[in-house]
Amino acid sequence: MDLRYGVEDDDFRAEVREWLEQNLRGEFARLRGTGGSGREHEEIELRMAWERALGAAGWIGLGLPREWGGRSATLLQQVIFAEEYAKADAPGRVNHMGEHLLAPTLVTFGAITLQRRFLPGILRGEELWCQGYSEPGAGSDLAAVRTRALLEDGSWRIDGQKVWTSNAAFADWCFVLVRTEPGSERHRGLSYLLVPMRQPGIEVRPIVQITGTSEFSEVFFDGARTDASCIVGEAGDGWRVAMGTLGFERGVATLAQQIGFERELAHVLELARANGTIADPDISARIIDAWIELRVMRYHALRTLGSIEPGAASVSKLLWANWHRRLGELAIDVRGPGATTLTGTPYELDREQALFLFSRADTIYAGSNEIQRNIIADRVLGLPRR
Amino acid sequence: MRFEFSEDQQELRQTVRGFLERHATPDVVRAAAEQGSGFAGSLWKRLVTEMELTSLAIDPALGGAGASFVEVGIALEELGRTLLPVPFLPTVVAAAALSEAADHHGAVPLLERIVAGAAATIALDAAHASATSRGGAITVSGTVPFVADGAHAEFALLATTLDNQPALLAVELAGPGAQLDAQPTLDQTRSLATLTLSSAPAACLTAPAAGAQAIARARDVLAVASAMESIGAAARCLELTLAYLHDRHQFGRPIGSFQALKHRCADLHVALEPARSTAYYATWTVTGAPDELAVVGPLAQLVAGDALLAISRESIQLHGGIGFTWEHDAHLFFKRAKSSELLCGGRRALRTLIGQRAGIV
Ligand SMILES: Cc1cc2nc3c(=O)[nH]c(=O)nc-3n(C[C@H](O)[C@H](O)[C@H](O)COP(=O)(O)OP(=O)(O)OC[C@H]3O[C@@H](n4cnc5c(N)ncnc54)[C@H](O)[C@@H]3O)c2cc1C
């Protein structure tokens, strides 16, 4: 057991820090602190340009093998990059779905031609992706997917509807879970297709969230098309591929996210000191608890970094989602009555208000709290299904 | 960066667990708790002489194994699983404090006695006793409550003031001026005694200016030790509860198949595993990152204690009527959980301490 960073890690950290310092300048300087959950609408064009700058410098897909344009970076190096990125308050990434969900899926399950076609666009920050899993009738129960696709004249024809699709409004492509065997049920007969978003057969209707902003949309497929080759894995094998996509989280994102959490908590503490609420024993206890739990999350993330044990991702998801949701409540309580009015119309939220409202989503998306508990109970604790 | 136990450490765990599974059976634990006034004497002898567990982290030059506190933590965790009433925790915390004082005064012979099999105890609340020196001879007086395993220890390390300066002293418990009164305990797997000192001769283990720091550090190591013990107990208690949820049938199905209970068990797992990570991290800081110990020690104690309390509470509830009986072990874990919390001063005090050390309040 040795929990220090090695010299080579420190060197790598210095390189990352240096690059960020040199590049978050000029026009990009104003990107600091923009984007991220609940604020995906901010500076979207400039953040896309920033994504391309990251790609040109080789900072996207660090963990991918060199032959795919990655750096073959170790997990720890990926953590270091993400930590330094967060420490620099660099902007929320516009292509999380492409980099962290689709790219590893392509590497694991995709045909070489698909890898050649799509990985460079992700690694250069040029093609942005969204995830088309959820449907009106298929949320937690993803196997209830009904959107269907059929091969017609050398391409897939797709009909149906997705919902809650984050970033659909600006994404270039969508990875979609569809039913390709008519009459099939549940996990069978599904396929994982890659579909261009800008085409006549696709209509994107943004949905306004409780924050008044909109980062997810309904996506209607009405005779939408994608080339027959744009399928990851075999036809009918989509469930396995989709589950693979969900299983790539190995704790890198978790550790990086904690840097952002630290900043949010520091801000709440600063506010509590400034307005005197720190003297309220309830508030100070909650702040200390939040601080303690954040440390605990870090130690746990370090111990489970790279873990492929079933349930490890579920524990981490429950921890951070609940923590962040509580932080939202703490933040608004620290604000006090002042938080009941807005800084502007139509519905302009300040930091605490946005945190308070957006963090309600944390325990719902990417597997709700209840679904994570099911996973832990069934796969880790081995409790009987019936 | 490598957050995992080495092969040697895993082997140590297997050896200790194997030994305890064979010998520290629930019956043995019960007997020691109920009739043995909280002391499994013959098993203790084997743990220290045959297994040499108390000398794990003692300097090889003094006959110890020269391991780190991580190894000690593994043994604490394994013993925590069994709730076996033995003076292991106070002895190893005393050994750690003595090792740090080893270039001073009388620490070396005391460490050698631990290597030879002596149990020690440690009482770190300086408010209860005070000492004076006269012509080089130190005597200490006061009444020290809740001395862990005092009745089975040969000597005690005592936080006190020596001529109004914080100091860590060693006192012979069978010596003149020292009287121990064992107390009946709520948690019978833990033996507690009141130590009355009237001008008892003592040796000082700390330099005049270093006493406060040595006491604080010993307290933080004690916190880590308690965290590891709690993690072991919590894990075992959860295992027993899960096994019951498989076995017990109601409404024609195992009660563990009811989602209401599944989700509660999942939450217990989510309480335990991060607390475990924290406790492991804390054992590493004892030697690996001493600067972090002041925060991480109490923090580990807090979250591990919380996990044990949550799990042991739910364990009683999820066992139904049988969980409320004297015969079932559920109450042993529950009582251990509460007594651990109360003896560390309560979770509120612990939280405030962490808040202070983190610079929040
Ligand atoms: C901000 C945000 C962004 C999102 N982005 C995307 C995206 O980009 N792409 C995408 O495909 N989806 C996205 N989603 C959708 C998200 O994955 C779903 O909302 C989630 O899977 C839950 O599905 P649902 O909304 O249909 O709720 P339901 O599944 O209907 O759940 C309703 C309630 O019932 C509970 N429940 C359901 N089943 C069980 C069960 N078996 N046991 C116990 N409780 C149960 C749930 O936990 C929840 O509390 C996003 C959601 C949000 C909030």
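Predicted model: local features only at pLDDT ≥ 70, side-chain atom pairs only at ≥ 80, totals over all residues.
1. Composition of the ligand site. Chains A and B both contribute residues around the ligand, so the site is shared between chains.

2. On the side of chain A, a backbone N or O atom of A:Ser134 is placed 2.8 Å from an oxygen atom of the ligand. A:Asn374 takes part through its side chain, where an N or O atom lies 3.3 Å from a ligand nitrogen atom. From chain B, the side chain of B:Gln259 brings an N or O atom to 2.8 Å from a nitrogen atom of the ligand. As for cover, the ligand on its own has 960 Å² of accessible area, of which the protein covers 67%.

3. A helix pair between the chains. Helix α8 of chain A (residues 281-304) packs with helix α9 of chain B (residues 290-319); the angle is about 95° and the axes are 11 Å apart. Because angles of 65 to 115 degrees count as roughly perpendicular, α8(A) is roughly perpendicular to α9(B). From α8(A), the residues in contact are A:Trp291, A:Ile292, A:Arg295, A:Val296 and A:Tyr299. Their counterparts in α9(B) are B:Val295, B:Val296, B:Leu299, B:Leu302 and B:Val303. The contact is made up of nine nonpolar residues and one charged residue, with no polar residues.

4. A cis peptide bond. Which peptide bond is cis, with omega near 0°? The bond in question runs from A:Thr345 to A:Pro346. A:Pro346 belongs to the loop that links α9 (312-335) and α10 (351-358) in chain A.

5. A positive phi angle. A:Asp89 is not a glycine, yet its phi is positive, at about 60°. A:Asp89 is located in a loop of chain A, between α3 (75-87) and α4 (96-109).

Key:
Residues numbered from 1 in each chain as written. Chains lettered and ligands numbered in written order. Heavy atoms only, no water. Axes fitted to C-alpha atoms, helices over the stretch in contact; angles between N-to-C directions. Helix = DSSP H or I, 4+ residues; strand = E, 2+ residues; numbered from the N terminus. Parallel < 35°, antiparallel > 145°, perpendicular 65-115°, else oblique. Contact = heavy atoms within 4.5 Å. Nonpolar A, V, L, I, M, F, W, Y, C, P; charged D, E, K, R; others polar. Near = heavy atom within 4 Å. Polar contact = N/O pair within 3.5 Å; in protein donor to acceptor, adjacent residues only side chain to side chain. Areas by Shrake-Rupley, 256 points an atom, 1.4 Å probe, with all protein chains shown as cover.
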